[in-house]
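Take a walk through this structure, one packing arrangement at a time. Have the sequence and the 3D view ready.

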Amino acid sequence: MTFLAHDKNTRTPGPARVGIGGPVGSGKTALIEALIPIFMARGVELAVVTNDLVTREDARRLQASGLIDPARVVAVEAGACPHTVIREDPTLNIAAAEDLEARFPNVDLILIESGGDNLASTFSLDLVDWWMFVIDVGQGDDIPRKRGPGIMLCDLLVINKIDIAPHVFVSAEAILAEAATVRGERRPVIGCRCKGAQTQGVSEIADLIMRDLLFRQVPA
Amino acid sequence: MSAHSLALIRLLQVSDTAFPSGAFAFSSGLETLFNEGRVRAPEDIQAVLVGQILPRWASFDRVFLQAAHAAAGDPGKLSEIDARCHLQSSSDRLAQASRRIGRSLLSVHARIGTAGAAAYRSHTDRPDLREASTYEPVIQGLIGAGLGLSVDECELGAVHSTCMAFVSAAVRLGRLGAIEAQSLLADVAPEILATLEQPAPQLAGAFSPFAEIAALRRNAMQAVLFAT
């Protein structure tokens with residue numbers, strides 16, 4: 001029996017894909033809500049894929065937010081496997097991103113939010129070009145110390161809700177310093193507050209994506 | 001080792017649950033059947049597999065797989081087979097699931113260089129075909145031919161994937177132990193063989209209302225882990 005010739009076809013150039021992972025309740029969706037207006041103000045065309053674990057809550061929340069055309073937000077069911085759908089078998093997310101690319105040919109950036117997961121969560125580089133991991137100070141000041149692939153391997157570690165640190169009896173500065181130590185000099189860590197009148201760190205995250213991934217000038 | 005052994009090695013590779021196809025996110029109605037209390041015990045799961053899932057595969061999916069295997073290399077004929085599958089799919093949710101799995105499989109095989117996959121992916125990127133093509137059995141037939149598998153081997157891989165996806169959904173729903181699942185699959189093996197030994201019908205048709213209606217019925221009040 002003879003084999004037909006291979007016709008390998010790797011991913012074609014398209015919009016940049018950014019993964020956003022992290023534990024349940026760490027603020028992944030809130031961060032996306034805070035990033036959308038910043039990217040839009042900078043002329044970046046966006047779309048979003050969410051991976052809700054048990055409902056379509058995150059997708060519906062973004063679709064109803066008024067921040068983005070609801071048609072640019074799609075939900076992918078995770079089949080009880082939040083790890084699998086972004087790492088071992090990311091094909092449903094790849095298909096969802098490809099569908100968005102086909103429907104919105106001008107899209108520059110697709111944000112792919114994972115379902116809430118644990119510290120071992122990582123993204124397949126078949127699916128994303130760059131990914132961040134979001135933890136929050138309310139989970140305890142020992143989270144960076146526990147390391148885990150999510151914390152150690154992500155392109156950007158976001159430590160969210162730094163404004164609530166005093167209320168949960170931890171030091172945001174100490175958590176940020178320990179995170180920077182465990183990750184080393186070359187892997188960035190940003191402290192963030194994405195809700196309320198005074199946000200913090202969100203523009204820095206957008207700057208990093210604009211510069212490192214979209215290769216665009218960052219506003220001074 | 002012969003070229004045929006190489007084809008069998010590829011069959012094992014693409015039939016493994018580690019092969020990314022997206023099938024893990026679909027339960028073929030089992031999640032609803034559990035949530036509604038219509039399926040409870042391992043015996044119930046086996047009964048649904050043997051009485052609903054396998055017959056549906058044999059009388060519907062198998063027909064399109066065989067046709068696609070024969071038409072591999074001709075995107076025009078393949079899209080005609082896809083169109084027939086589309087028109088005969090009465091359950092929209094199951095049809096959508098089949099297209100999503102097929103699309104995922106096609107995308108992966110295009111990336112790893114399986115013959116015919118990239119060409120058919122480009123063909124079905126047309127806006128008028130995107131919502132009416134890449135059904136799972138059509139893609140399985142096309143891929144099997146591209147890997148140098150006979151139609152019988154291709155069917156074996158496809159029915160194995162169908163059974164594994166269903167049983168692994170039961171495990172992740174917490175209603176079947178991992179070892180119980182293997183015992184169930186061992187029990188069902190003769191049924192699978194008997195299914196494969198029967199000739200496929202000339203015309204595709206399906207009557208598995210228990211599972212099909214369950215896949216359509218979603219309770220908004222309950223958590224939903226699976227796409228079907």
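The contact draws on L11(B), V14(B) and S15(B) from α1(B), and on E153(B), G157(B), H160(B) and S161(B) from α9(B). Contact here means C-beta atoms, placed from the backbone, within 7 Å. Helix α1 of chain B covers residues 3-15, and helix α9 of chain B covers residues 151-172. Their axes lie 10 Å apart, at an angle of about 20°. α1(B) and α9(B) are therefore roughly parallel to each other (angles under 35 degrees count as such). Axes are lines fitted to C-alpha atoms, for helices over the stretch in contact, and angles run from 0 to 180 degrees between N-to-C directions.

This is a predicted model: local features need pLDDT of at least 70, side-chain atom pairs count only at pLDDT 80 or more, and totals for chains, interfaces and linings use all residues. Residues are numbered from 1 along each chain as its sequence is written, while chains are lettered from A and ligands numbered from 1 in the order in which they are written.

Now chain A. Its open sheet has seven strands, in the order β3-β2-β4-β1-β5-β6-β7, with parallel pairing. Helices (H or I, at least four residues) and strands (E, at least two) are DSSP runs, numbered from the N terminus. Strands pair if DSSP finds at least two bridges between them. β3 (73-75) and β7 (189-191) of chain A are at the edges, each with a single partner strand, so one side of each has no neighbour in the sheet. From one strand to the next, the twist averages 20°.

Methods
Parallel < 35°, antiparallel > 145°, perpendicular 65-115°, else oblique. Contact = placed C-beta atoms within 7 Å.
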